[in-house]
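The exercises below are meant to be worked through with the model open. Please try each task before reading its solution.

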Amino acid sequence: MTTGATTPTAPRRSRARTFLPLGIAAWLVLEIWLLTVVAGAAGGLAVFALLVAGGLLGAVVIKRAGRRAFRSLSETLQRQQSGTAPTEDRSGRGNGFLMLGGLLLMLPGPVSDAAGLLLLVPPVRTALARRAERSLERRMRRAAPGSLGDAFRQARIHRPDGKVVQGEVVREDVPGGPRPEPDPRPPLTS
């Protein structure tokens, strides 16, 4: 006899989580196979030189992108402390993709090197950054009220000039009305 209660079902895994390990394994096999093909055609010393050059170039790219990101952050903080209006600075954009390009260059293999070199091209980085930004905007618009995405959207709406004003809400009680229960927590002070 059934009582009408249903058993909870486990949430389904997304396709990305299902096929990601398979994709990584295929990518690794392809990288190793291509390295052996290049080693057969050009020799082991040439492959070793390519791997070392890719690692060095990737390290230089990551270091440069990190310095740019840090410089952009310090300039933004200095502008906010001085009270000047934030300007739209395009030089700090795309540092994430630049760092990803450097990381791909550091990974051994011709496919990751080609992808890393492609990310070093500024128009490609700009197009990818625009696409990622649009995708993030779409996801945040679809976010349910009360979720983390909604919190980010609300914070973005309420700070047009970038300033944060901290405050405290003080409610004055009506003289003849009921008194509120005292809060068991102490008030927040700073």
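A salt bridge is taken here as a side-chain nitrogen of Lys or Arg within 4 Å of a carboxyl oxygen of Asp or Glu. The model is a predicted one.

**Exercise 1.** Determine how many helices and strands there are in the protein, and in what order the elements run.

Solution. Counting the elements gives 6 helices and 0 strands, and, read from the N terminus on, their order is α-α-α-α-α-α. Of the 190 residues in the protein, 14% are buried. Turning to contacts between residues at least 6 apart in sequence, one finds that 53% join residues at least 24 apart.

**Exercise 2.** Find which side chain meets that of Arg79 in a salt bridge, and work out how the two residues are placed in their helix.

Solution. The search begins with the count, which comes to 1 salt bridge under the rule above. The partner of Arg79 is Glu75, with 4.0 Å from N to O. Both residues belong to helix α2, and because they are 4 residues apart there, about one helical turn separates them. In general terms, side chains of opposite charge can pair when their charged atoms come close.

**Exercise 3.** Decide whether Gly102 is buried or exposed, and identify its contacts beyond its neighbours within four places in sequence.

Solution. Gly102 is located in helix α3, which covers residues 95–106. Its relative accessible area is 0%, and since buried means under 20%, Gly102 is buried. Once neighbours within four places in sequence are set aside, the contacts of Gly102 are Gly58, Val61 and Ile62. Gly55, although 47 residues from Gly102 in sequence, is 8.5 Å from Gly102 in space, C-alpha to C-alpha.

**Exercise 4.** Locate the nonpolar surface patch that includes Phe48, and the patch of positive charge that includes Arg139.

Solution. For the positive patch, Arg139 gathers on the surface with Arg130, Arg131, Arg134, Arg138, Arg141 and Arg142. Arg139 itself sits in helix α5, residues 122–141, and, with a relative accessible area of 57%, Arg139 is exposed.

Note on methods:
Residues numbered from 1 in each chain as written. Predicted model: local features only at pLDDT ≥ 70, side-chain atom pairs only at ≥ 80, totals over all residues. Heavy atoms only, no water. Patch = residues over 30% accessible without salt bridge, like charges linked within 9 Å, V, L, I, M, F, W, Y side chains within 5 Å. Areas by Shrake-Rupley, 256 points an atom, 1.4 Å probe, with all protein chains shown as cover. Lys, Arg positive; Asp, Glu negative; His and termini not counted. Charge placed at Lys NZ, Arg CZ, Asp CG, Glu CD. Buried < 20%, exposed > 50% of the residue type's maximum accessible area, 1.4 Å probe, protein only. Contact = heavy atoms within 4.5 Å.
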